[in-house]
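Let's take a walk through a protein model together. Have a look at the sequence and the 3D view, and then we'll go inside.

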Amino acid sequence: MIDFRKVKAETTAITRQKDQFYAGTGNIYETVAILSKRANQISTEMKTELNKKIEDFTSNNDTLEEVFENKEQIEVAKFYEKLPKPTLIAIDEFLNDKIYYRNPNKEHDGDF
């Protein structure tokens, strides 16, 4: 589980040297696949956590005033809007060697 308050990734896309993405895998396409899968995991985790927090504020008997003035729910939503996008978090993790990945096709020793 990621603590999103401690994430230090950039909040906007920046230009990067493509050589950084070859270092671990030797293949840019394999790196993109790894980043895509990790970004999907992060996105799912963010969505689950956000829904759980917002669910805490909902009640069955909302009045019109409560719907428009639920400040806690608005603050939670603003916090998640300010977070870096899952793709940027995945890139940061990859470049800082925080992602474990393996390619089962490269691990065959010829034993069949």
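What follows is a short tour of the nonpolar core and the aromatic rings. Keep in mind that this is a predicted model.

Start with the largest nonpolar core, which has 17 residues. Within it, Phe4, Leu35, Ile42, Met46 and Phe94 touch the most other members. Which elements give two or more residues to this core? They are helix H1 (28-57), helix H3 (71-82) and helix H4 (86-95). H1 provides the largest share, with 5 residues.

Now zoom in on Met46. Leaving aside residues up to four places away in sequence, Met46 touches Phe4, Tyr80, Leu83, Pro84, Pro86 and Ile89.

Next, the rings. How many aromatic pairs turn up in a search of the whole structure? The search finds 3. One of them joins Phe21 and Phe94: the ring centres are 6.2 Å apart and the planes sit at 10°, so this pair is stacked. It also links distant parts of the chain, since Phe21 lies in the segment before H1 and Phe94 in helix H4, 73 residues apart. Are these two buried or exposed? Buried means under 20% relative accessible area, so Phe21 at 11% counts as buried, and so does Phe94 at 6%.

Phe79 and Tyr80 make another pair, with ring centres 5.2 Å apart and planes at 90°, so this one is edge-to-face. Here Tyr80 counts as buried at 10% relative accessibility, whereas Phe79, at 28%, counts as partly exposed.

Finally, go back to Phe21 and Phe94: together with Tyr101, they form one aromatic cluster.

Conventions
Residues are numbered from 1 along each chain as its sequence is written. This is a predicted model: local features need pLDDT of at least 70, side-chain atom pairs count only at pLDDT 80 or more; totals for chains, interfaces and linings use all residues. Side-chain values use heavy atoms; hydrogens and water are left out. A nonpolar core is a set of buried Ala, Val, Leu, Ile, Met, Phe, Trp, Tyr and Cys residues joined through side-chain atoms within 4.5 Å. Buried means under 20% relative accessible area, exposed over 50%, partly exposed in between (1.4 Å probe, protein chains only). Helices (H or I, at least four residues) and strands (E, at least two) are DSSP runs, numbered from the N terminus. Contact means heavy atoms within 4.5 Å. Rings of Phe, Tyr and Trp (its six-membered ring) pair if their centres lie within 6.5 Å; planes under 30 degrees apart count as stacked, over 60 as edge-to-face and the rest as tilted.
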